[in-house]
Amino acid sequence: MDTLDRLALILVIIGALNWGLVGLFEFDLVANLFGGQNAALSKLIYTLVGLAGLYSLTFLFREETVPTDES
């Protein structure tokens, strides 16, 4: 897994946790930390999470590579 994949996964996890908090407790952690839903930083985080989700769709279509022992 390369760096971009890991970053996308981290952002998707953040988004999932945030939506879990919204669903269970009506608490938007991103908005709370960064100044409300309409704050520029919150919108940036939401946008990055959305883009990470779209990028993560590529994980479904990747071929599994099995390491070979060619020593």
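Trainee: How far apart are the end C-alpha atoms of α3, and what should its residues span?

Mentor: This is a predicted model. In it, the end C-alpha atoms of α3 are 24 Å apart. The helix has 17 residues, and at 1.5 Å a residue they should span 24 Å, so the two values agree.

Trainee: Which residues of α3 are buried?

Mentor: S42, I45, V49, A52 and S56. They cover an arc of only 90 degrees around the axis, which means they sit on the same side of α3.

Trainee: What do the buried residues of α3 pack against?

Mentor: They pack against α1 and α2, the latter being residues 29-34.

Trainee: And which exposed residues are on the face turned away from the buried side?

Mentor: That face of α3 carries A40, L51 and L54.

Trainee: Back to S42. Why does it count as buried?

Mentor: Because its relative accessibility is 0%, and the cut-off for buried is under 20%.

Trainee: What does S42 touch, leaving out residues up to four places away in sequence?

Mentor: V30, A31, F34, G35, G36 and Q37. S42 itself lies in helix α3.

Trainee: Switching to α1. What span should it have, and how far apart are its ends?

Mentor: α1 has 23 residues, which should span 33 Å at 1.5 Å a residue. Its end C-alpha atoms are 33 Å apart, so that agrees.

Trainee: Which of its residues are buried, and what covers them?

Mentor: In α1, the buried ones are D5, A8, L11, G15 and N18. Their cover includes α2 and α3.

Trainee: What comes after α1?

Mentor: E26 follows α1, and its phi is positive, near 55 degrees.

Trainee: Which helices each supply at least two residues of its lining?

Mentor: α1, residues 3-25, and α3, residues 40-56. The largest share of the lining comes from α1, with 5 residues.

Trainee: Which residues line the largest pocket?

Mentor: The lining is made of I14, G15, N18, W19, V22, D28, V30, Q37, I45, Y46 and V49. Some of these have come up already: G15 and N18 are buried in α1, while I45 and V49 are buried in α3. V30 and Q37 are among the residues that S42 touches.

Trainee: How many of the lining residues are nonpolar, polar and charged?

Mentor: The lining of the largest pocket divides into 7 nonpolar, 3 polar and 1 charged.

How values were computed
Residues numbered from 1 in each chain as written. Predicted model: local features only at pLDDT ≥ 70, side-chain atom pairs only at ≥ 80, totals over all residues. Heavy atoms only, no water. 1 Å grid on protein atoms, 1.4 Å probe; cavity = no way out; pocket = protein on both sides within 12 Å on 5 of 7 lines; lining within 4 Å. Helix = DSSP H or I, 4+ residues; strand = E, 2+ residues; numbered from the N terminus. Nonpolar A, V, L, I, M, F, W, Y, C, P; charged D, E, K, R; others polar. Buried < 20%, exposed > 50% of the residue type's maximum accessible area, 1.4 Å probe, protein only. Contact = heavy atoms within 4.5 Å. Expected span 1.5 Å × (residues − 1). Arc of directions from axis to C-beta.
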